[in-house]
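Open your viewer and keep the selection panel handy. We will take a short walk through one protein chain together.

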Amino acid sequence: MSHCPFCKKKIAMSKAFCSRNCKENYFQLIAIQIPKLFLKRIYVFCSEEEREKEITEFATRHKWRLDLLKNKIEDEAIKMGYAEDPLKESKD
Ligand SMILES: [Zn+2]
C-alpha cells in the first residue's frame, strides 16, 4: 500500500494519487509561493481580521484556491515560528 500525497489516504502502489482532484490540489499547492516578507507582515503586523483579508486578496490576485493557500500559509507560519503548531501539544 501507498499513500496519496495530498490527503494521505491509502491507495494502491500502482497509483500516484487517490483521485484526480487530489492530484490537481497537490500540484496547485506546490505552485503556491508565499514570500517570507508577506508572511512576516501578516503575522507580525496584522490583526487576525486584517490577516484574513490579506490572505483572501493574495489568493484572488494569484487565482489560487483560498483553502489551499490558507493551509500552506499555516504550515509556513508554524515553520517560521509565527504560529503555534496545533498538533505539538499532543506530541509532547
Ligand atoms: Zn487523495
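Predicted model: local features only at pLDDT ≥ 70, side-chain atom pairs only at ≥ 80, totals over all residues.

Residues are numbered from 1 along each chain as its sequence is written.

**Select the whole chain.** Colour by secondary structure and you will find five helices and two strands, in the order β-β-α-α-α-α-α from the N terminus. Helices (H or I, at least four residues) and strands (E, at least two) are DSSP runs, numbered from the N terminus. The radius of gyration (over C-alpha atoms) is 15 Å, well over the 12 Å that the globule rule (2.2 Å times the number of residues to the power 0.38) gives for 92 residues, so the chain is more spread out than a compact globule. Its C-alpha trace spans about 45 × 40 × 20 Å along the principal axes.

**Select 1-31, then 32-92.** These are domain 1 and domain 2, with bounds from an automatic or database domain assignment. Their centres, taken over C-alpha atoms, are 23 Å apart. Four residues of domain 1 are in contact (C-beta atoms, placed from the backbone, within 7 Å) with five residues of domain 2.

**Select 48-62 and 66-80.** Here are helix 3 and helix 4, whose axes (lines fitted to C-alpha atoms over the stretch in contact) come within 10 Å and cross at roughly 120 degrees, on a scale from 0 to 180 degrees between N-to-C directions. Now show side chains: the contact is made by I55, T56, F58 and A59 of helix 3 and L66, L69, K70 and I73 of helix 4.

Terms used
Contact = placed C-beta atoms within 7 Å.
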